Amino acid sequence: MATKPFASSADLAEKHRALEILADGVYALTAEGDPNIGAIEGADFLVCFEALATPVAAQEWLDILRQHTGKPVRYLVLSHYHAVRVLGASAFDADVIIAHDNTRSLIAERGQQDWDSEYGRMPRLFKEPDSIPGLTWPTLTFNDQLTIPLGGDRGDLNLRHLGRGHTEGDIVAWLPEQRILYAGDLVESQAALYTGDAFHR
C-alpha cells in the first residue's frame, strides 16, 4: 500500500516575509506559516531566537537583520529540536547556543532521523541543504529557567521551560519590560500545530 505524502512536500512556492519591529531593538521575521524567527538587542550584543533549516536560509534572515543592527550574536536560543528550527545555526557564529536539557537528549536520540524526515516533508525550507555542516548541538542547556541580562537599560530576557508541549523541550523567551513573548512552535497563527511528537495535555 502506497503511503500518502505530506501536503507540505508539494508546497514549493515562496512565502511573503515581513520584518516586524515589535519594540526598540526587538525583531521578528514572519512568513505565512513558515517558521518565525526573532532577535533581541542587548547593550552590545544580540540574542537570536531560532536558526531556520540551513545556514543559507539563516543568512538571508541575518542580512535583513543587519539593516537594523550590526551587533554580534552572543546567544542563539533554540526553542526546540526540530530540524527546520536548528540546522542553520552555524550562520550565526554565536558564542553560546542555548536549548533545554530535553532538547539535547532528543538531538542525541533522533536528531538525524528528524533531519531526514523534515527535509522530506518540507523541502522548500531547506535552501542549499549541502551548506548544513551537521547536527546542531547546544553549548548551554537548562532545566527550568535561565536569565540573560541584556545590559544597560535593556532589562533581562527570561528563558523558561513551561512543561511538555510541542515537544519535550520547548523554550519560550519572555521580555517582561516590553511584555513580548517568543513562543517557538507552541503557538502558531492561522495554522494548525504539528503534533507528531507533542504532548496535548
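The second largest cavity of the predicted model has a volume of about 60 Å³. A cavity is here a set of points, on a 1 Å grid over the protein atoms alone, where a 1.4 Å probe fits but cannot get out, and its lining residues have an atom within 4 Å of a point. Grid points are joined across faces, edges and corners, and a volume is the space filled by probe spheres set on the points. Residues are numbered from 1 along each chain as its sequence is written, and side-chain values use heavy atoms, with hydrogens and water left out. Because the model is predicted, local features need pLDDT of at least 70 and side-chain atom pairs count only at pLDDT 80 or more, whereas totals for chains, interfaces and linings use all residues.

The second largest cavity is lined by Tyr81, Ala83, Val86, Leu87, Ile107, Gly111, Asp114, Trp115, Leu135 and Thr136. By class, this lining comprises seven nonpolar, two polar and one charged residues; Ala, Val, Leu, Ile, Met, Phe, Trp, Tyr, Cys and Pro count as nonpolar, Asp, Glu, Lys and Arg as charged, and the others, Gly among them, as polar. At least two lining residues come from each of helix H2 (83-86) and helix H3 (101-121), helices (H or I, at least four residues) and strands (E, at least two) being DSSP runs numbered from the N terminus. The most is given by H3, with four residues.

In total, the structure holds two cavities of 30 Å³ or more. Nine nonpolar, no polar and seven charged residues make up the lining of the largest cavity.

Leucine 52 counts as buried because its relative accessibility is 13%; buried means under 20% relative accessible area, exposed over 50%, and partly exposed in between (1.4 Å probe, protein chains only). Its phi is near 65°, a positive value in a residue other than glycine. Most residues other than glycine have a negative phi. A positive phi, near 55°, also occurs at arginine 179, in the loop between strand S10 (172-175) and S11. Arginine 179 is exposed, with a relative accessible area of 65%.

The largest nonpolar core has 32 residues, and those with the most contacts inside it are Trp61, Leu65, Leu76, Phe92 and Phe126. Such a core is a set of buried Ala, Val, Leu, Ile, Met, Phe, Trp, Tyr and Cys residues joined through side-chain atoms within 4.5 Å. At least two residues of this core are supplied by each of strand S2 (26-30), S3, S4, helix H1 (55-65), S5, H2 and strand S6 (96-100). H1 gives the most to this core, with six residues. In soluble globular proteins, nonpolar side chains tend to be buried together. Helix H1 also contains glutamate 60, which is partly exposed at a relative accessible area of 27%.

Three aromatic pairs are present in the structure. The rings of phenylalanine 45 and tyrosine 75 form an edge-to-face pair, because their centres are 5.7 Å apart and their planes lie at 70°. Rings of Phe, Tyr and Trp (its six-membered ring) pair if their centres lie within 6.5 Å; planes under 30 degrees apart count as stacked, over 60 as edge-to-face and the rest as tilted. This pair links distant parts of the chain, with phenylalanine 45 in the loop between strand S3 (37-41) and strand S4 (46-49) and tyrosine 75 in strand S5 (residues 73-77), 30 residues apart. Both phenylalanine 45 and tyrosine 75 are buried. Tyrosine 119 and phenylalanine 126 likewise form an edge-to-face pair, since their ring centres are 5.3 Å apart and their planes lie at 85°. Tyrosine 119 is partly exposed, with a relative accessible area of 39%, whereas phenylalanine 126 counts as buried at 4% relative accessibility.

Aspartate 185 is placed in the segment after strand S11 (180-182). With 12% relative accessibility, aspartate 185 counts as buried. The side chains of aspartate 185 and histidine 80 are joined by a polar contact of 3.4 Å. A polar contact is a pair of N or O atoms within 3.5 Å; within protein, one must be able to donate a hydrogen and the other to accept it, and residues adjacent in sequence count only if both atoms are side-chain atoms.

Technical notes: On a 1 Å grid over the protein atoms alone, a cavity is a set of points where a 1.4 Å probe fits but cannot get out, and a pocket is an open set with protein on both sides within 12 Å along at least five of seven lines; lining residues have an atom within 4 Å of a point.
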